[in-house]
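Open the model in your viewer and keep the sequence panel beside it. The tour below says what to select at each stop and what is found there.

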Amino acid sequence: MTTEPHSDPDVYSAFEGDLPGTVTPSALRRRLRRYVPALVLAFLVLVVWELVVRVFDIEEFILAKPTEIYSTFLDEFDTVVEAGWTTVREALLGLALGTVFGVLAAVATARWAGLREGLLPFAVAANSIPILALAPIANQWFGLTSITAKAAVVSVIVFFPVMINTVRGLTEVDPGELELMRAIAAPPREVVRRVRIPNALPYFFSALKVAAALAVIGAIVAEYFGGRTASLGFYITQQAGAFKFAEAWSAIIVGSFLGIAIYGSVLLLERWAMPWHVSLRTADDR
Amino acid sequence: MSAVDIRGVSKVFGSGPGQVEALKDIDLSIESGQFVSLIGPSGCGKSTLLRLVGDLLPPTGGSLTVAGKTPHEARLSRDYGMVFQQATLLDWRSVRANVELPLEIMGASADERTARAEEMLELVQLGDFGGHYPWQLSGGMQQRVAIARALSFKPSLLLMDEPFGALDEMTREAMQDELLRIWERSKRTVIFVTHSIPEAVFLSQRTVVMSRRPGRITRIVDIDLPYPRDEDTREDRRFYDKVTEVREALREHE
């Protein structure tokens with residue numbers, strides 16, 4: 001699995017033209033085949049779930065049957081999709097704001113060492129505060145039904161991991177690379193552009209992947225404290241309160257899809273931004 | 001004019017009781033086009049001396065000139081190319097883009113960069129690998145890319161800090177042959193730091209023997225073996241004699 005040093009150039013010509021980023025049809029088929037076990041497992045879980053509920057005659061308010069959730073989901077489709085639309089806007093707006101401010105704060109912190117020493121301990125501490133607890137206060141500030149109130153909570157949740165990781169990526173640079181840049185008399189601006197920023201990309205994307213998942217969770221939980229009628233969190237609390245659990249589950253399905261979709265988009269973005277990275281080297285590239 | 005002139009140079013790291021005298025009273029003059037090796041035990045300051053020449057560290061005392069300028073001026077006018085023990089290729093750049101890096105920073109046009117990178121990759125026999133990423137290359141190939149990068153802007157001086165130290169013996173000898181071939185073609189001045197006695201003898205015209213605590217020059221051995229040097233040189237009686245001479249010079253000061 002590791003890159004074993006070879007001296008024989010023939011070893012390399014074997015994969016010429018199959019560089020990272022290029023997908024041959026056979027490689028694509030191999031990649032798809034990798035998902036087969038996961039799909040089979042998911043199907044089996046649903047079957048077992050259905051059987052358990054039927055065999056033990058479990059009440060709907062304890063656990064709803066997958067078939068029932070599915071038919072309710074179809075009935076309630078317009079409602080839950082509308083609710084999802086509100087939630088996804090909050091999540092995306094919060095993710096965007098948190099990321100932009102997180103990166104800006106990281107660049108400033110990495111640039112000025114004084115700022116870094118003063119600010120970073122606070123950022124690390126703030127990262128462990130339950131920021132969601134601020135949701136009722138944000139509702140008070142921005143209005144209960146405003147998208148901004150939820151986006152604000154999400155942006156604060158997203159801000160800290162993005163900032164902390166990006167600072168690390170900008171500052172934890174191989175000293176050899178900095179010495180090289182000095183030897184070729186590169187001005188500081190060029191060092192940032194050609195070494196620090198590319199070095200920070202993997203750190204930034206690993207934070208963004210965490211943040212993408214947190215954004216959807218953050219938006220839904222913030223809605224639990226009150227929000228628009230057509231929003232996932234509010235809908236889930238309302239339906240669960242009325243013992244309509246199949247409805248609640250339908251909204252959870254939408255929330256799950258949103259989370260996966262946003263996470264998947266970040267993965268695609270990552271692939272596009274750094275096709276050279278270790279994590280994206282497939283077995284046949286080695 | 002000598003390519004590098006070092007007069008009474010000293011270097012002290014730290015201060016107070018913990019200070020280390022890395023270099024003391026170094027005098028060395030290197031003619032233009034010469035291949036000079038610095039050899040000595042770890043801690044003799046050979047890499048430090050190379051870094052003073054390259055303005056990667058400031059000297060504590062004495063004076064240095066590189067191509068008649070201060071090391072600082074020489075660095076800013078890119079009079080030297082540097083090769084480190086690690087290839088230090090940037091992971092996110094293709095082999096070609098790594099070779100082009102110094103040219104990009106110097107503001108060369110895209111056409112010029114491409115042409116020069118191709119030329120340099122041909123020179124180190126990696127013409128077909130421009131589109132590869134560094135991790136797809138073996139250690140020896142990566143180090144060849146680092147040499148191509150150091151030569152890409154045609155500096156008159158090449159500073160090499162144990163460039164083949166991390167390679168296996170076979171690759172190492174192949175790299176030495178290749179370096180001599182490149183040097184004979186371009187006749188640049190080379191300062192080559194190593195701790196391998198045969199490597200120093202095989203490559204250089206002069207081998208500067210250093211000892212430690214404090215780091216100083218104890219002997220300069222002229223290696224008057226004819227170029228081109230090849231496999232026969234490695235088995236030549238006179239080659240062994242020179243290896244022995246350098247070894248004894250190193251041992252005298254242990």
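A residue is called buried when its relative accessible area is under 20%, exposed when it is over 50%, and partly exposed in between. Keep in mind that this is a predicted model.

Stop 1: Select B:Glu173, which at 26% relative accessibility counts as partly exposed. B:Arg234 counts as buried, at 11% relative accessibility.

**Stop 2: helices α3 and α4.** Select B:Glu118 and B:Arg96, whose side chains form a salt bridge of 2.8 Å, N to O. B:Glu118 sits in helix α4 (residues 110–123) of chain B and B:Arg96 in helix α3 of chain B, 22 residues apart. B:Glu118 is partly exposed at 25%, and B:Arg96 is partly exposed at 28%.

Stop 3: Select B:Asp79 and B:Lys69, a salt bridge with its closest N and O atoms 2.7 Å apart. B:Asp79 is in the loop between α2 and β5 of chain B, and B:Lys69 in the loop between β4 (61–66) and α2 of chain B, so this pair joins parts 10 residues apart in sequence. B:Asp79 is buried at 13%, while B:Lys69 is partly exposed at 28%.

**Stop 4: where the chains meet.** Show both chains. How many residues of chain B are in contact with chain A? There are 33, and they touch 31 residues of chain A. The area buried between the two chains is about 2800 Å², with 65% of it from carbon and sulfur atoms. Highlight B:Trp92, B:Ile105 and B:Trp135: in chain B they lose the most area to chain A, together 28% of what that side buries.

**Stop 5: charges across the interface.** Three salt bridges are found between chain B and chain A. One to select is B:Asp55 with A:Arg182, the closest N and O atoms being 3.7 Å apart. The side of chain B that touches chain A takes at least two residues from each of α2 (71–76), β5 (80–83), α3 (95–105) and α5 (139–151). The largest share, four residues, comes from α3(B). By class, this side has 17 nonpolar, seven polar and nine charged residues.

**Last stop.** Select A:Arg189, A:Glu190, A:Arg193, A:Arg194, B:Arg93 and B:Glu104, which are linked in a network of salt bridges.

Notes:
Residues are numbered from 1 along each chain as its sequence is written. Chains are lettered from A and ligands numbered from 1 in the order in which they are written. This is a predicted model: local features need pLDDT of at least 70, side-chain atom pairs count only at pLDDT 80 or more; totals for chains, interfaces and linings use all residues. Side-chain values use heavy atoms; hydrogens and water are left out. Contact means heavy atoms within 4.5 Å. Buried area is the accessible area (1.4 Å probe) that two parts lose on being put together, summed over both. A salt bridge is a side-chain nitrogen of Lys or Arg within 4 Å of a carboxyl oxygen of Asp or Glu. Ala, Val, Leu, Ile, Met, Phe, Trp, Tyr, Cys and Pro count as nonpolar, Asp, Glu, Lys and Arg as charged, and the others, Gly among them, as polar. Buried means under 20% relative accessible area, exposed over 50%, partly exposed in between (1.4 Å probe, protein chains only).
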